[in-house]
Amino acid sequence: MERATRDQELALPSRRGLLLGAAALAAAPAALLTASRADAQAQAVDYPSAESLPASTSNYTVSSRPSSYPVNYVVIHVTQETWADAVAIFRNPAKKVSAHYVVRSADGHIGQCVREKDIAWHAGNWDYNTRSIGIEHEGWVDKPEYFTNALYERSAALTAAICTKYGIPRDREHIIGHVQVPGTDHTDPGPYWDWSRYIRMVNFA
């Protein structure tokens, strides 16, 4: 009889075990939420190594490219701001400006501010906005030291991936500077941007 009672006691879960089990169950939703957030973060970019840094929804047009508009160009910009300030401007709903990507000078780190399917307001020309991907590069047109090897390399790899995705020729007729957009008053990327080097890197990426 005593043995049977002990066996029954051993078969029953202890209070500590029940508490530990409850704690594990309570932690499970939090773990699942963290995982779902990580999945959402991963899905918030089109270029796998980019960081999601969403612009204000007041600063771009939601679309469904390339079904709504074909993507024919990559437009190269220079921020005339620091990388952080450019991102902050795109997040400010009063600014009415954005780009799809921003590339940092020091290490070539890429932030994605607008999804490629959407129309960023970067070119100052609606027709070109609808048909292009805009890439901002941290720096100033008169300060070539901002155009680092890392910036060129990471940007060229990004542009190559965009060209492959949308069937854009990897040449100067389709990879253009902001200065080439009809009607613009901008001069970027400026005289110190090494176009020969950049297009060569895009083609070898």
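## A walk through the aromatic rings

Start by selecting Tyr146: this residue is partly exposed, with a relative accessible area of 25%. Keep in mind as you click around that the model is a predicted one.

Next stop: Tyr152 and Trp193. This aromatic pair is tilted, with 4.8 Å from centre to centre and 45° between the planes. Colour by secondary structure here. Tyr152 belongs to helix H5 (residues 149–166), while Trp193 sits in the loop between strand E8 (175–177) and helix H6 (195–204), so the pair ties together parts that are 41 residues apart in sequence.

Now widen the selection to Phe147, Trp195 and Tyr198. Together with Tyr152 and Trp193, these residues make up one aromatic cluster. Across the model, the count of aromatic pairs comes to eight.

While Trp195 is still on screen, bring up Arg172. The charged end of Arg172 sits over the Trp195 ring, 3.7 Å from its centre.

For a last stop, go to Tyr128 and show Arg131 as well. Here Arg131 lies over the face of Tyr128, and the distance to the ring centre is 5.7 Å.

Conventions: Residues are numbered from 1 along each chain as its sequence is written. This is a predicted model: local features need pLDDT of at least 70, side-chain atom pairs count only at pLDDT 80 or more; totals for chains, interfaces and linings use all residues. Side-chain values use heavy atoms; hydrogens and water are left out. Rings of Phe, Tyr and Trp (its six-membered ring) pair if their centres lie within 6.5 Å; planes under 30 degrees apart count as stacked, over 60 as edge-to-face and the rest as tilted. Buried means under 20% relative accessible area, exposed over 50%, partly exposed in between (1.4 Å probe, protein chains only). Helices (H or I, at least four residues) and strands (E, at least two) are DSSP runs, numbered from the N terminus. A charge sits over a ring if NZ of Lys or CZ of Arg is within 6 Å of the ring centre and within 35 degrees of the ring normal.
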